[in-house]
Amino acid sequence: MGKKRVMVPAEKLDLSTVKYEHEVIKAPHLTGLMLKLFVRIIEAPVIGSLIISLLKKQNKIVEMLQNTVIPEAPMFKPEFPPQEAEPSVVIVDEEGKPEDRVESALKCLPHYDPASCWSGDSLPSFRYWKIRDYAYAYRSKLVTPSMVAEQIISVIEECNYHKPPTPLLVSFDAEEIRKQAAASTQRFEEGNPLSILDGIFLAIKDDIDCYPHPSKGATTWMHEVRSVEKDAVCVSRLRSCGAIFIGKANMHELGMGTTGNNPNYGTTRNPHAPERYTGGSSSGPAALVASGLCSAALGTDGGGCKSYYLSWSLVYFIYNILMFCGLLKTKAGSVRIPSSLCGVVGLKTTYGRTSMRGSLCGSGTVEIIGPIASTVEDVILVYAAILGSSPEDRISLKPSPPCLPILSSLENENSLGSLRLGKYTEWFNDVHSTDISNVCEDVLNLLSKSHGCETIEIVIPELHEMRTAHIVSIGSETVCFLNPDLKNGKGVKLTYDTRTSMALFRTFSASDYVAAQCLRRRIMHHHMEIFKKVDVIVTPTTGMTAPKIPPSALKDGETDMQVAGYLMRFIIAGNLLGLPAITVPVGYDKQGLPIGLQLIGRPWGEATILRLASAVEELCAKSVKKPASFYDVLKTK
């Protein structure tokens, strides 16, 4: 029996005693036969349980969850204290029509002249077409949605013959796209577009319902046990605005991975470097946006992809080379990680701000549906369409009214100048390459010089406890969702890396889950205290840029815990605590790979981080590079 540990109450913790622990991840890269062998062993009835039990003890999971007295009461889903109103915003009606909210969002945007951009006057060397560019082209009869649709269909069909293959979509129906585009084209011909989003092409991650496509979660079997009868709520709201859906985007199986590796349908390639990963789990949505094929996409963000934090040690009685470091993967950072690695913008909203109805992860306590787009303003437009809490979340979470930043007002500059940015320097600098921390630090200096934003040093305690609480929470919720199908024999159809996660998830007990929720309340207290001193917490989005795809990992998957550790480093707080966060591209490393800056806001503080993200984007606009794989589908002539 281990010695009992007693934690001091969160409000009495002395922050001067907090020491940052740099993560040292030493683990082999497993693919092929060794990966298969390990899965077989940990799934064995007796020896597998014994191994996992040993590893949990060695990594202090048992000590933290079972031998520790945590004085805080459990928090089974995020609970937020009342928040002050954000300045220079417009409040929108979450129960009103999505197209009305989009119109309000449009009025918040700064002045922009699509005509000059279309003609090529005063353009930088490369820029993404905005939603407003598409709307101008349609209204000016320069192009029609049907013409753009044919461009997109042609590229998607060609991707099947690329070498290496670039599987962007899991479900694709050219005739369905043509049907939607024809309806949109007719509305423009009649002078009655539904909104600025009419005729805008979007992709939907394969764990969000988009009728008539099946939702497989990028498995080979989910569509056999779960039918799709209608759109998810978020998709329905976009459809009412006239958006055109090109299909279901590829993803890491069940969202349980940081890289986007998928042996079932093929691994999506990074548009900036096709030999590298996109990041996961929303790999397809981020790649489609970065390559220019979609203005925006919907992904899910649950906070953690691979749970690298269970530093698995040497397992002598298997093979002396099988040392593992956190073989867990969960749905974490699944919007922000791929957006950062692909050089686009990804918004993770406050938990409960958008409805999860009609998604595979609709009953969890850490996941959200969020937009990915090439620009902040396009994220704002899509966010305006999809926002709106479910009736049950409105009762339990009591969300602040949703609002959007008025970027066109003179007050915007004053609102920016008053922002206090919290930076935990030791954590901020714990990255694979100093290229990342240096580029992000340069942006903070630019924000100070250009807008007067103040950077304040902060300390975030108990990061290891936060990781543990998250993996137990999402792991237990994943098992609850999948158990009926796993017991019916579907488990063996999962990929090998997903099966390693499920083997560990199944060992979490009810008391482990409750202890994790006690930690959640404790860590929420720490963060709410930080937000009394700062308005936004700033970090790099990921601890490394896009990793290379090992050819040996394409057939059966892989586990690379060092990669998972770096990709997950700054992601967890947004998910376990339900805080809003956004990643914005801010530059490139020496290899030309995108780097993202993450902005974490107060509960319900989307307007603040969107305002700051827009300022960051403007400061970095001249550095944007054209991806190696980019398709200009708007200029069809």
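Here is a short chat about a predicted model and a few of its parts.

Visitor: Hi! How many strands form the open sheet, and in what order?
Guide: Hello! The open sheet has 11 strands, in the order 5-7-6-10-14-13-20-21-18-16-17, and their pairing is mixed.

Visitor: Which strands stand at the edges?
Guide: Those are strand 5 (169-171) and strand 17 (454-457). Each has a single partner strand, so one side of each is left without a neighbour in the sheet.

Visitor: And how much are neighbouring strands turned against each other?
Guide: On average by 35°, with direction ignored.

Visitor: What holds strands of a sheet together in general?
Guide: Strands pair through backbone hydrogen bonds, either parallel or antiparallel.

Visitor: Okay, so do strand 6 and strand 10 run parallel or antiparallel?
Guide: Parallel: 3 bridges join strand 6 (residues 201-205) to strand 10 (residues 296-301). Within that pair, Ala203 stands opposite Ala297.

Visitor: New topic: which residues touch the most other members in the largest nonpolar core?
Guide: Leu238, Leu288 and Leu298 do, in a core of 177 residues.

Visitor: What does Leu288 touch?
Guide: Leaving out residues up to four places away in sequence, its contacts include Ala203, Ile156, Leu168 and Cys294.

Visitor: What about helices? At what angle do helix 1 and helix 19 pack?
Guide: Helix 1 (residues 32-42) and helix 19 (residues 496-505) pack at about 30°, with their axes 10 Å apart. That angle makes helix 1 roughly parallel to helix 19.

Visitor: Is the crossing left-handed or right-handed, and which residues meet?
Guide: Helix 1 passes helix 19 in a left-handed crossing. Among the residues that meet are Leu35, Phe38 and Val39 in helix 1, and Tyr496 and Ala503 in helix 19.

Notes
Residues numbered from 1 in each chain as written. Predicted model: local features only at pLDDT ≥ 70, side-chain atom pairs only at ≥ 80, totals over all residues. Heavy atoms only, no water. Pairing = 2+ DSSP bridges. Helix = DSSP H or I, 4+ residues; strand = E, 2+ residues; numbered from the N terminus. Axes fitted to C-alpha atoms, helices over the stretch in contact; angles between N-to-C directions. Core = buried A, V, L, I, M, F, W, Y, C linked by side-chain atoms within 4.5 Å. Buried < 20%, exposed > 50% of the residue type's maximum accessible area, 1.4 Å probe, protein only. Contact = heavy atoms within 4.5 Å. Parallel < 35°, antiparallel > 145°, perpendicular 65-115°, else oblique. Left-handed = near helix turned anticlockwise from the far one by under 90°.
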